[in-house]
Structure formats: structure tokens, C-alpha cells
Amino acid sequence: MAHHLLPPSVILIFTLFTITILPSEGKGQGLGNDLHVGFYSRSCPQVEDVVAEIINRHHEQDPKTTPAFIRLLFHDCFVKGCDASILLDESVSGSIVEKADGTNGKTLRGLEIIDEIKAELENQCPQTVSCADIIAFASREAVALSGLPRHDVPAGRRDTRTSRNSDIEENLPTPEMTVQNIIKIFSVRNFSVEDMVVLSGAHSIGQSHCDQIRKRIYTFRPGQGIARDPFIDPAYADELAQKCPALPAPDETFSVDFDPVTPEVLDNQYYLNLQNRKGLLETDQVLAFDPNTVEIVNQMAADPEGWTKRFVKLMIRLGRLSVLTKNDGEIRINCRKPNQQTEL
């Protein structure tokens with residue numbers, strides 16, 4: 001595959017938005033101490049340009065692909081660490097893999113773009129760049145293309161050979177969870193309640209399938225005669241009902257924007273939406289009413305710059321969770337399958 005050069009205007013934008021306000025986050029502080037910025041400076045110096053070019057090209061073709069990479073980083077790192085287990089179609093353990101679990105399933109996108117990036121890097125730098133680092137670089141590009149500063153990404157992750165859908169349970173938040181359950185999932189990974197609310201702002205972009213919100217607008221509390229979630233703005237609920245019929249078709253592909261105001265811009269509009277009862281998922285909306293989170297929501301709604309700095313910093317922390325480095329794991333040749341048939 002021919003390498004496409006970034007146009008000068010894109011290079012300028014990336015240069016202008018590269019941030020230097022978080023140097024300590026890129027120098028091995030805290031989690032993932034063996035990671036560092038410039039890890040591939042000698043072994044594959046063009047790696048970040050390759051990732052940026054391919055992500056940018058697909059973004060221009062379809063901006064709705066971009067949020068997929070932020071979601072991919074979260075769904076990979078929160079299960080058993082940032083090890084690219086989410087990408088495996090098969091595992092040496094023989095288990096059903098993570099991506100086949102209902103929590104992931106059809107909600108994962110952008111996997112073929114990761115394949116494209118990996119194929120190009122294998123052509124240029126054979127068995128050098130891990131799939132886990134590709135996810136981290138891709139999520140950074142997604143953040144930048146969605147309107148936030150382009151940050152440095154420490155690298156050096158290696159890939160696991162194992163993926164189990166049984167690892168998903170209680171490790172990823174679901175729309176049915178209480179705030180307390182979600183707080184617990186984050187706290188186990190040393191993220192505070194404020195961190196959880198800040199990272200939830202990722203729902204400022206992207207889409208959700210109708211089956212994730214149908215209960216809120218049609219069968220919220222059927223045993224109590226409550227058809228619609230009382231915490232949702234009635235006009236917003238009517239809009240959602242127009243997009244998501246009560247009875248889904250067998251091959252339903254309907255999706256709804258998380259943010260009805262700025263759906264392709266990663267910003268603090270998410271929190272303003274929550275204040276106006278226009279949070280798409282129940283687990284989003286409840287943050288504006290729960291006593292543990294309401295003040296944080298109000299703070300983020302009033303301070304867009306503060307939210308931006310916190311969010312970028314936390315994305316770097318997220319990418320450090322329980323990484324494999326040095327001689328652990330492997331560098332997969334194909335992100336969808338392990339190189340060796342021995343379990344780590």
C-alpha cells in the first residue's frame with residue numbers, strides 16, 4: 001500500500017495543537033513506567049505519521065469513524081490492561097474473545113482501519129510496532145481530529161496472546177449499571193469520581209445504537225406504569241422516539257448521536273446536555289442528579305478549558321493501565337491473531 005503524505009494544512013494544524021502542558025504524563029510517571037514518548041524514534045520513526053495519515057484520511061471520508069478509536073482504547077484498557085486483547089479474533093486459550101461479548105459486539109468500529117495501519121507498518125517496520133501502541137496512537141489522533149489539543153503519547157506497549165469474554169463482566173460499565181457500580185469500576189483502577197465524570201465526557205462525540213436507549217423512552221418502569229424515564233427532557237425523548245421505533249427490525253442499524261448539539265466536536269457540551277436533561281444514556285443522565293457527581297458535572301459545564309486539560313491528561317493515564325512491556329507479551333504481526341500458540 002502506498003504511503004499517503006499529510007497535506008501541509010493538516011501538518012500545520014497538528015503542530016499548532018501539539019500540547020506541552022503535560023510533560024510529566026509522558027515521562028513514565030505513575031502507571032506504565034516503562035512507556036516513554038519517542039519509543040520508536042529509531043526503530044520506526046515514521047510510525048506516528050503513518051497512523052495520523054490513515055486516521056485523518058478515514059476521518060475525511062466519514063467523521064463518524066473517529067470516536068471509535070477513543071472507545072477502542074477504553075474497552076481495551078479497562079478489561080485487563082492496554083494489551084490489544086480487544087482486537088483478537090482468536091485466543092490461544094480457546095476462549096470466546098472479548099470482541100464477541102455483547103458489551104462490545106456490534107458497537108466496536110474502526111477495526112479494519114487498525115488492520116490497515118498495521119499492514120502499512122509491517123511493510124515499513126516488520127514486527128516492530130505493537131497493536132496496543134497503534135490503538136493508543138489512533139485514539140490520540142481521534143482526540144485531536146475531534147477538536148482537542150494533540151498530545152504526546154508514551155509508547156512501548158506489547159500485545160497479549162489471550163482474550164476472554166469472561167473478563168468483560170464487571171470491568172466495563174453498561175447502561176444498566178448504577179453510579180455506585182461505575183464508580184467502583186473506576187476506583188479499582190485508581191481513577192477518582194471526578195476522573196470518571198471527566199472521562200464520561202468522551203460521550204460528547206460518537207453514537208449509540210437504539211437498543212441502548214429504547215428502554216428509556218418506551219418501557220422504563222413497566223411494573224410501575226412508567227413508560228418513559230422522567231429524567232429525560234420530553235422534547236428530546238420525542239426526537240429519540242422518531243429515530244428509534246419501539247419495535248426494532250431484525251437487521252436494525254439505527255444509531256443516535258450522543259450529543260445532539262455538537263455531535264462531531266469533543267467538548268464540554270456533554271455536561272450542558274446533562275444539565276438540560278439531554279443525556280442519551282441513563283448512566284450519562286444520572287450523573288447530573290446523583291449527589292456524588294452533580295457538582296462535578298456543574299463544574300465541567302462551567303469550565304470548558306479545565307475539562308479539556310483534565311480529559312487529555314486522563315487519556316494518557318488510561319493508556320498506561322496494566323501494560324505489557326519489555327519481554328512480556330509479543331509484537332503481533334496480525335492484530336487479529338497471536339503469533340504463538342502459547343498462553344502468556
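Me: How many nonpolar, polar and charged residues does the lining of the largest pocket have?
Reply: The structure is a predicted model, in which local features need pLDDT of at least 70 and side-chain atom pairs count only at pLDDT 80 or more, while totals for chains, interfaces and linings use all residues. A pocket is an open set of points on a 1 Å grid over the protein atoms alone, where a 1.4 Å probe fits with protein on both sides within 12 Å along at least five of seven lines, and lining residues have an atom within 4 Å of a point. Ala, Val, Leu, Ile, Met, Phe, Trp, Tyr, Cys and Pro count as nonpolar, Asp, Glu, Lys and Arg as charged, and the others, Gly among them, as polar. On that basis, the lining of the largest pocket has 18 nonpolar, 14 polar and 6 charged residues.

Me: Which residues are the closest to the centre of the largest pocket?
Reply: Residues are numbered from 1 along each chain as its sequence is written, and side-chain values use heavy atoms, with hydrogens and water left out. The largest pocket holds about 970 Å³ of space, a volume being the space filled by probe spheres set on grid points joined across faces, edges and corners. It has 38 lining residues, and the closest to its centre are Arg71, His75, His203, Phe258 and Leu281.

Me: Which element gives the largest share of the lining of the largest pocket?
Reply: Helices (H or I, at least four residues) and strands (E, at least two) are DSSP runs, numbered from the N terminus. Those that each supply at least two lining residues are α3 (67-80), α6 (179-188), α7, β1, α11 (282-285) and α13. With 6 residues, the largest share belongs to α3.

Me: Which residues lie nearest the centre of the second largest pocket?
Reply: About 190 Å³ of space lies in this pocket, and its lining has 7 nonpolar, 3 polar and 5 charged residues. Helix α11 supplies the largest share of that lining, 3 residues. Of the 15 residues that line the pocket, those nearest its centre are Phe220, Arg221, Glu282, Thr283 and Val286.

Me: What percentage of the residues in the protein are buried?
Reply: The protein has 13 helices and 2 strands. A residue is buried under 20% relative accessible area, exposed over 50% and partly exposed in between (1.4 Å probe, protein chains only). Of the 344 residues in the protein, the buried ones make up 53%.

Me: Is Ser208 buried or exposed?
Reply: Ser208 lies in strand β1 (residues 207-209). Not counting residues up to four places away in sequence, Ser208 touches Phe254, Ser255, Val256, Phe258, Leu280 and Leu281, where contact means heavy atoms within 4.5 Å. Ser255 is 47 residues away in sequence, yet the two C-alpha atoms are 5.4 Å apart. At 5% relative accessibility, Ser208 counts as buried.

Me: Is Lys118 buried or exposed?
Reply: Lys118 sits in helix α4 (residues 111-124). Beyond its neighbours within four places in sequence, Lys118 is in contact with residues including Val129, Ile134, Ile331 and Cys335. Because its relative accessibility is 3%, Lys118 counts as buried.

Me: Within what arc do the buried residues of α12 fall?
Reply: The buried residues of α12 (residues 294-302) are Val294, Ile296, Val297, Met300 and Ala301. Seen down the axis, they line one face of the helix, because the arc they fall within is 160 degrees; this arc is that of the directions from the helix axis to the C-beta atoms. The face turned away carries the exposed residues Glu295 and Ala302, while the buried side packs against α7 (193-200), α10 (269-275) and α13 (304-318).

Me: What is the phi of Ser322?
Reply: Most residues other than glycine have a negative phi. Ser322 lies in the segment after α13 and is exposed, with a relative accessible area of 53%. Although Ser322 is not a glycine, its phi is positive, at about 45 degrees.
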